[in-house]
Amino acid sequence: MDRGFDSRRRLFGISFAAITATSFCFVLRAMVVDEWGVAFGLSETQKGELLGVGLWPFAITIVLLSLVIDRIGFRRAFGFAAACHIVGLAILVTAGGYWSLYAGTFIMALGNGAVEAAANPLVATLYSEDKPRWLNRLHAAWPLGLMLGGVIAIAFGAHVDWRAKTAIMAVPVLIYAFALWRQRFPVSERVAAGVSYRDMLREAGFVSAFVILSLMCVEIGRVADLPGTLVVFAVAALTALYALYARSAGHPLYIVLVLVMIPLAITELSTDSWIVSLMEPELARWGIEAGWVLVYTAAIVFVIRLFAGSIVRIATPLGTLAIASALAAIGLFWMAGSSGAALLAAATLYGIGKSFFWGTSLAVASERFPKGGAVTVNVMAGAGMLAAGIVGASLLGTIQDRSTAAGLSAYDRAHETRLAETHLSAPKHGVFGSYRALDAASVARAPEAERRAVETVVVEGKKGALREVALLPVMMLAIYLALILFFRSRGGYAPVTLAATRGEA
């Protein structure tokens with residue numbers, strides 16, 4: 001019994017350390033991207049592409065490994081992740097230009113997806129009796145890595161070369177890589193219960209496969225500049241293959257959970273940089289360095305996820321998600337009309353709400369659909385990450401551009417100025433329609449008084465746009481309340497358990 005307990009702790013520790021390593025590397029890489037720009041003469045577009053490639057390859061490995069992880073085992077999946085991280089780091093440290101930076105970042109992002117592909121179903125297997133508590137604790141590792149990386153970046157400052165900062169990423173990677181040595185891993189909960197591979201795919205179904213394949217293929221097509229017809233054909237063909245083998249559209253409840261993961265991920269991940277940019281001016285007035293914004297918000301999420309299990313047990317997973325959605329919505333609406341200390345308090349409330357989203361959502365999928373094993377958990381995680389990187393980035397960017405344009409026009413009418421005419425670009429067309437963007441170069445050349453006026457309008461525009469973003473958690477709240485009523489009509493929410501028929505591998 002004690003040996004089994006110790007084994008669970010070691011395996012959870014490996015999973016926790018691996019996710020900490022992914023976020024540690026993620027934040028340090030984001031903090032040196034401007035130094036890459038100076039060192040290699042990169043444009044803002046190129047820097048944006050380097051940040052983007054740190055996200056979308058995640059979905060490739062988390063989805064593909066989910067299909068085979070029960071055959072290759074958790075150990076090999078973690079080993080593949082470690083190899084990707086080490087190879088990617090080696091390429092980054094020795095990079096000589098844009099394409100080597102791109103290749104190194106891409107390979108590391110594949111490793112990040114592999115970590116999640118292994119860690120989520122492993123922890124769900126190890127703690128099948130209390131998945132919400134332990135999946136929330138597992139994902140406390142992400143903000144911990146952000147905190148550690150953020151503190152190191154602040155301590156190093158601009159005086160330490162970017163190669164040295166990048167090399168530091170090797171420390172957490174090597175920690176979890178060495179921990180894998182001679183460690184035994186169990187088979188998954190699905191395999192132990194004797195559930196077939198086909199039944200696993202049936203649980204998720206071809207509708208959820210269509211959702212994630214659409215997001216993935218559209219992004220790959222955009223990056224590779226592939227014809228739209230080829231992307232549509234790829235989505236149709238891959239979905240058809242899944243449907244022919246699984247012969248199931250999937251459980252309606254699971255499809256709802258996958259779809260609600262899209263606004264959830266946008267609310268949790270896509271708005272973060274927006275929130276930070278709003279808080280930075282207020283913290284600057286108090287003499288606090290902007291980098292501490294990241295550490296502060298990550299600390300909130302870290303602490304709450306460590307102790308989320310007790311709250312989830314009282315409120316139930318769906319009740320917790322409903323409460324979290326309400327808190328996030330109130331926080332976002334409050335931020336839209338506040339400043340000073342009230343803005344910080346509103347951001348804190350939003351941070352508390354979003355802390356429960358990721359781990360609790362994955363726990364609901366794993367508790368209700370354990371036959372789906374790694375697929376049901378990781379398809380949700382992959383859909384969320386893709387939605388945040390593809391849909392969320394474009395949506396929030398368009399909202400922000402439109403809010404800024406409207407704010408400048410209103411300022412011109414009130415003060416008889418020509419800020420909109422001077423500092424807005426010609427109409428552009430994006431996924432969500434036409435918009436006019438702020439010309440940063442034009443603003444930088446403007447007189448100080450005019451520049452301050454524009455910056456004030458931009459901040460107010462962001463606050464106003466938060467009201468639109470807050471509609472996402474309101475929609476989520478309505479869905480979770482509907483699900484709660486649905487389960488009450490059927491006797492209440494309860495996890496589905498699988499009886500184990502096979503032992504450890």
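A crossing of two helices is called left-handed if the near helix is turned anticlockwise from the far one by less than a right angle. Keep that in mind for the first exercise; the model you're looking at is a predicted one.

**Exercise 1.** Work out how helices α13 and α23 are arranged, and which residues bring them together.

*Solution.* Start with the geometry. Two packed helices are described by the angle between their axes and the distance between the axes. Here, α13 (residues 252–270) and α23 (residues 471–488) have axes that come within 9 Å and cross at roughly 155°. Angles over 145 degrees count as roughly antiparallel, so that's the label for α13 and α23. As for handedness, α13 passes α23 in a left-handed crossing.

Next, look at the contact itself. On the α13 side you'll find L253, V256 and L257 among others, and they meet residues of α23 including L472, P473 and M475. Sorted by class, this contact has 15 nonpolar residues, 1 polar and no charged ones.

**Exercise 2.** Does the span of helix α16 agree or disagree with what 1.5 Å a residue predicts?

*Solution.* The 20 residues of α16 (residues 317–336) should span 28 Å. The end C-alpha atoms are 29 Å apart, which agrees.

Technical notes: Residues numbered from 1 in each chain as written. Predicted model: local features only at pLDDT ≥ 70, side-chain atom pairs only at ≥ 80, totals over all residues. Heavy atoms only, no water. Axes fitted to C-alpha atoms, helices over the stretch in contact; angles between N-to-C directions. Helix = DSSP H or I, 4+ residues; strand = E, 2+ residues; numbered from the N terminus. Parallel < 35°, antiparallel > 145°, perpendicular 65-115°, else oblique. Contact = heavy atoms within 4.5 Å. Nonpolar A, V, L, I, M, F, W, Y, C, P; charged D, E, K, R; others polar. Expected span 1.5 Å × (residues − 1).
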